[in-house]
Amino acid sequence: MMSKGNILDEIISAEELILKGHSACQGCGSVLSLRYVLKALGRDTILVIPASCSSVYQGLYPKVAFKVHTFNTAFASAAAVASGIKHGLIMKGSPNTNVVVWGGDGGLTDIGFATVSGAAERNEDIIVIEYDNEAYMNTGIQRSGSTPMGARTTTTHLGKFEPKKSISLIALMHNVPYVATANPAYPFDLYNKVKKAKGIKGFKLIHIFSPCPPGWRYDDSKTIEIGKLAVETGYWILWEAFNEDGKIKLEISPPSRPYLNPERRKPIEEFLKMQGRFRGMTPEMIEALKKWIDNQWDLIKKFMD
């Protein structure tokens, strides 16, 4: 039941679908995001989770911290499992239950991308949500395809030399009904995008920026500050795209609109200096990262035309 007297209850559901006592790290961007995601989706939801931090922080069998049905799957199979569950629900007469893949960049951008791509190509009626903490955090902070250039991980001691791979832009090329990016530092934007995805039939993907205190090496009280800096420096662009009759309509979300003008963006160095994973970046690496950011904006602006 929604509490009375709180104006926020009119905007975001007051019901909590993640119980106290989960085992996520303090300051975890993933569990904070999932809290808002489940508020937007409601109880009639099934989570399908590939091997990831979420496999652990949900709790140990036979207890669980999530108040929705949860299936844990192998790394590579989550989107295929979710597709099967959705078809089974349709056959049983429950077509409106939300079936949601909830995974990290290892399970969705890398190892599990084949089944994500297949589900997108078939336009399965599921929601795929990636919380992107930019490395394999659950298994020891190894680099992933989503790790940004210059970041140190346990397998890139001198910093990663390759640019970040973007699952949201790749998903956009599958001509699916809805793709969006989000960030827990902007909860209303995240909540509203999940609400939109819930109401759209077909394949939907939401790509969430997910700060990770132990993996990114920052104080766990700084998660929201880092999330906002990612947007204010232009590193993480908030946008959503609809596919209407084969035509992609992309819109920059309000928090990112001011930074269409690069002169309004904060220096990327402000974002980098707060995270130990970027210590030791050479001036050449920083310049390469700046070019990558400019290229991402150029790509997004082309879809707006």
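User: What makes two rings an aromatic pair?

Analyst: Rings of Phe, Tyr and Trp pair if their centres lie within 6.5 Å. This model is predicted. A search of the whole structure finds 12 aromatic pairs.

User: Why is the pair of Phe 75 and Tyr 136 called edge-to-face?

Analyst: The angle decides. There are 80° between the planes, and over 60 counts as edge-to-face. The centres are 6.2 Å apart, and the cut-off is 6.5 Å, so the rings pair.

User: What makes this pair a tie between parts of the chain?

Analyst: Phe 75 lies in the loop between β2 and α3. Tyr 136 lies in the loop between β4 and α6. These parts are 61 residues apart in sequence, so the pair ties them together.

User: Is Phe 75 buried, exposed or partly exposed, and how do you know?

Analyst: Phe 75 has 25% relative accessibility. Buried means under 20% and exposed over 50%, so Phe 75 is partly exposed.

User: How do you know which class Tyr 136 belongs to?

Analyst: Its relative accessible area is 16%. That is under 20%, so Tyr 136 is buried.

User: Why is the pair of Tyr 178 and Phe 242 called tilted?

Analyst: The planes are 50° apart. Under 30 would be stacked and over 60 edge-to-face; the rest are tilted. So this pair is tilted. Tyr 178 is in strand β5 and Phe 242 in strand β7, 64 residues apart.

User: How do you know that the charged end of Arg 277 is within reach of the ring of Trp 216?

Analyst: The charged end sits over the ring, 3.8 Å from its centre. The distance limit is 6 Å.

Terms used: Residues numbered from 1 in each chain as written. Predicted model: local features only at pLDDT ≥ 70, side-chain atom pairs only at ≥ 80, totals over all residues. Heavy atoms only, no water. Phe/Tyr/Trp six-rings, centres within 6.5 Å; stacked < 30°, edge-to-face > 60°. Helix = DSSP H or I, 4+ residues; strand = E, 2+ residues; numbered from the N terminus. Buried < 20%, exposed > 50% of the residue type's maximum accessible area, 1.4 Å probe, protein only. Lys NZ or Arg CZ within 6 Å of the ring centre and 35° of its normal.
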